[in-house]
Amino acid sequence: MCKGCTMGLAGMVVGVPVAVATGWTARIPDWQLGLAFAAMLLPTVATSLLGAPRPVKLVARFVLGVLLGSAVVALFATSSWAVRAGTVGAYLAVRVPLERKRRRDDRKAMERWNVRGAG
């Protein structure tokens, strides 16, 4: 498992118990939950788009893990279908383009490596 995945998993291991123990995802208004989730998502989007150094990306992946863990708890803690739909929709709206970017970047890196390796 890569370092980013390990950090994301570590964030989930922290995020789920904290969200369950404190109940924070159910106690704040929906709009504040949305802002909190957006704030936790921002480091991942920024580091992906700006090409941040590896240590910064690892911190962003940890925060993303906390977000994902908290979001899963929120899906069960809320009675609002709008919050559930917004959470899943935001996840897909960010994940799909970032996944495409990662694949494109990986493909370019492999092409560069193959060109260097062939010579």
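The exercises below treat the core, a helix pair and a salt-bridge network of one predicted model.

Residues are numbered from 1 along each chain as its sequence is written, and side-chain values use heavy atoms, with hydrogens and water left out. Because the model is predicted, local features need pLDDT of at least 70 and side-chain atom pairs count only at pLDDT 80 or more, while totals for chains, interfaces and linings use all residues.

**Exercise 1. Describe the largest nonpolar core and state which elements supply it.**

Step 1. A nonpolar core is a set of buried Ala, Val, Leu, Ile, Met, Phe, Trp, Tyr and Cys residues joined through side-chain atoms within 4.5 Å. Buried means under 20% relative accessible area, exposed over 50%, and partly exposed in between (1.4 Å probe, protein chains only).

Step 2. The largest such core holds 13 residues, and W24, L33, F37, M40 and L67 have the most contacts inside it.

Step 3. Two or more residues come from each of α3 (30–50) and α4 (54–77); helices are DSSP runs (H or I, at least four residues), numbered from the N terminus. The largest share, 6 residues, belongs to α4.

Step 4. Leaving aside residues up to four places away in sequence, L67 touches F37, M40 and L41, where contact means heavy atoms within 4.5 Å.

**Exercise 2. Determine how α3 and α4 are oriented to each other, and list the residues that meet.**

Step 1. Axes are lines fitted to C-alpha atoms, for helices over the stretch in contact, and angles run from 0 to 180 degrees between N-to-C directions. The axes of α3 and α4 lie 8 Å apart, at an angle of about 150 degrees.

Step 2. Angles over 145 degrees count as roughly antiparallel, under 35 as roughly parallel, 65 to 115 as roughly perpendicular and the rest as oblique. The two helices α3 and α4 are therefore roughly antiparallel.

Step 3. The crossing of α3 and α4 is left-handed, meaning that the near helix is turned anticlockwise from the far one by less than a right angle.

Step 4. On the α3 side, the residues that meet α4 are L33, F37, M40, L41, P43, T44, T47 and S48. Their counterparts in α4 include V56, A60, V63, L64, L67 and A71.

**Exercise 3. Trace the salt-bridge network that contains E99, R102, R103 and D106.**

Step 1. A salt bridge is a side-chain nitrogen of Lys or Arg within 4 Å of a carboxyl oxygen of Asp or Glu. By this rule the count is 4.

Step 2. R102 pairs with E99 at 2.7 Å, N to O. These two residues are 3 apart in helix α5 (residues 81–118), about one helical turn. R102 is partly exposed at 42% relative accessibility, whereas E99 is buried at 17%.

Step 3. E99 also bridges to R103, at 3.3 Å, N to O. R103 and E99 are 4 residues apart in α5, again about one turn, and R103 is exposed at 51%.

Step 4. D106 forms a salt bridge with R102, the closest N and O atoms being 3.0 Å apart. The pair is separated by 4 residues in α5, about one helical turn. D106 is partly exposed, with a relative accessible area of 38%.

Step 5. Through shared partners, these salt bridges join E99, R102, R103 and D106 into one network.
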